[in-house]
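Subject: Structure handover and notes

Dear colleague,

Please find the structure below, followed by my notes on what was found in it. I would be grateful if you could read them with the model open beside you.

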Amino acid sequence: MTNKRDLSALDPPVDTERQGKRRHVTADSSDRKLELAFPSTSQTSQSKPVPFQQPVSLITFSYTPSRKLEFNNSALRYYVNPPRNANLRHGYERWIKRPEEKGRIDGLLRATSKLRNDMNAGASKGVDWIRSIGVVSWRGVMTKILTAPYEDRDSWEMNVMAIDGTMYFEEHLSDAKLVEKEDMAPHHRLQSYYGYSFESWCGSSKPEMPENLEGQPPGWGGDVDTNVQWCSVVKTKLGDTRMVIGGEVDCVRNAFTGQTSDFVELKTSIAIRGPQDEARFEKKLLKFYFQSFLLGVPEIIVGFRTPSGQLNTIQLFKTAQIPRMVRGKPNAWDPTTCFAWGQQFFAFLKSVIHPSAEPIAEQQGNVTSALRPQVWRVKFEPRVGVSVSLLGDAGVSEIQAGEDRVGFLPRWYWDEVQTYSGQISVTTQAFDPTHGKGEAPGTSSAQGMSREWQI
Ligand code: 0WD
Ligand code: CA
């Protein structure tokens, strides 16, 4: 495998403005570095839009203040209107801030494993299910991938592993990057707190009843502890790639029925004072849109604030209507470009990572790849594209960080996959070390048909 494979089939339409900056797209397995050029954003694709299936919620879970994952809704909050002119600086001194950590997907794997186990019921249904999933990732990672065509500032890096036909993603954060993130400038730290504080003002432990906590202003939902999170795991499909995506959900409307239709995303933004602020906000809407869209969150409530953290107004945005709001504006973006890019990106990765993406059972002869996992590094450079390379031993050790992992996957998960990949129709109940049978997984619709969510 030393010949260059032409990936021109994956090449996006040529954008004459950017042509000078584009790299030649080749896959060269001799130096194990592969590149995919950045897609054009100046013209809308003429081809059929890539469909995205409406996400269906599979399971929810909570992180407790001690960062313990529990398969319950203890961290769920109900939306309530915040008080007029709420002070977003309230409680800043008491903020319990979760330390920055590597973007591990352990929690999502716990959920995936539970879903597979609960589905099994003595047959291979659960194994068949996980095998049908092409991508497992946190929502934040997917947002970064899909919005890449319009990202002109921040680069990113991800680690990708493929086992038994499924690609797993984590954000790559080096130790240096983590230190940098933790060492936030004081005004940045405060601004980031305004967002969490808004969540507290908008959240209650009971539907439609703002909190009234002793010694606190009415409506304050409780001091901010960023360890506590309520997460939802959904299934969806981009083009022909099935995905399991997990992410944090800020709160729900009314009683929670287990559907994504109750979900609410909360955001804060500086009040718009002129055309420049407006253009900046419309650009932000791209991230708001994808972040919510990917988990099926239908509503985004934005709290507009003063620079010093006083809440001015709140505005509700229906996620599905956001693309129409920016269409034709100076900073316009088009989600169809993002979906087309996403499909191209995953097809490219699959072609690169193959054959390790094949089920392990089918590559019994290849002992090395079963024992030594391949970990790929995907790097995105704004306005240029992505490159993919296979990590060597030093890179893999850095990722494992002295923890009990195979690549970035926790060893218990890796062992589970090894076990069921060789025993196709055996129940995997015995191989679940972290949790037993428990609450209903909410997978009743997991096999059902989903509507396609087209833009
Ligand atoms: O520690 C880290 N470096 C990160 C951890 C970065 C991104 C995510 N995560 C974790 C999350 O804590 C969660 O357990 O991954 C899981 C899934 O997150 P997600 O929903 O995929 O994350 P994303 O969509 O990037 O962010 C959602 C929310 C944010 O809301 P806003 O409205 O600001 O986008 O997760 C919170 C934040 O509220 N969040 C964080 N909270 C504390 N520390 C962090 C962080 N580093 N990043 C995002
Ligand atoms: Ca939020």
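In what follows, a residue is called buried at under 20% relative accessible area, exposed at over 50%, and partly exposed in between, with a 1.4 Å probe and protein chains only. Helices are DSSP runs of H or I with at least four residues, strands are DSSP runs of E with at least two, and both are numbered from the N terminus.

This is a predicted model, in which local features need pLDDT of at least 70 and side-chain atom pairs count only at pLDDT 80 or more, while totals for chains, interfaces and linings use all residues. Residues are numbered from 1 along each chain as its sequence is written, chains are lettered from A and ligands numbered from 1 in the order in which they are written, and side-chain values use heavy atoms, with hydrogens and water left out.

I begin with the backbone. Most residues other than glycine have a negative phi. Ala-401, in the loop between α10 (393-400) and β20 (405-406), has a positive phi of about 50 degrees although it is not a glycine, and with 38% relative accessibility this residue is partly exposed. Arg-67, in the loop between β5 (56-63) and β6 (69-70), also has a positive phi, near 65 degrees, and is partly exposed at a relative accessible area of 24%.

Next comes ligand 1. Around this ligand there are 20 residues, of which Arg-98, Arg-139, Gly-140, Glu-248 and Lys-267 come nearest; a residue counts here if one of its heavy atoms lies within 4 Å. The shell divides into 10 charged, five polar and five nonpolar residues, where Asp, Glu, Lys and Arg count as charged, Ala, Val, Leu, Ile, Met, Phe, Trp, Tyr, Cys and Pro as nonpolar, and the others, Gly among them, as polar. An N or O atom in the side chain of Arg-98 is 2.5 Å from an oxygen atom of ligand 1, a polar side-chain atom of Glu-100 lies 3.1 Å from a nitrogen atom of the ligand, and a polar backbone atom of Gly-140 is 2.7 Å from an oxygen atom of ligand 1. Taken alone, ligand 1 exposes 760 Å², and the protein buries 80% of that, the accessible areas coming from the Shrake-Rupley method with a 1.4 Å probe. The elements that give two or more residues to this shell are α3 (139-146), α5 (186-201), β13 (241-248) and β15 (263-270).

Ligand 2 is a calcium ion, and its protein donors are Asp-250 (OD), Glu-265 (OE) and Leu-266 (O), at 2.4 to 2.5 Å. Donors are N, O and S atoms within 2.8 Å of the metal (3.2 Å for Na, K and Ca), and since water is not among the atoms, sites may look incomplete. Along the chain the donors follow the spacing D-x14-E-L. Asp-250, in the loop between β13 and β14 (251-252), and Glu-265, in strand β15, are 15 residues apart, and both are buried.

Finally, the largest nonpolar core has 61 residues, of which Phe-169, Phe-345 and Phe-346 touch the most other members. A second, separate core of 36 residues includes Tyr-63, Ile-133, Val-375 and Ile-399. Such a core is a set of buried Ala, Val, Leu, Ile, Met, Phe, Trp, Tyr and Cys residues joined through side-chain atoms within 4.5 Å.

With best regards

Terms used:
A polar contact is a pair of N or O atoms within 3.5 Å; within protein, one must be able to donate a hydrogen and the other to accept it, and residues adjacent in sequence count only if both atoms are side-chain atoms.
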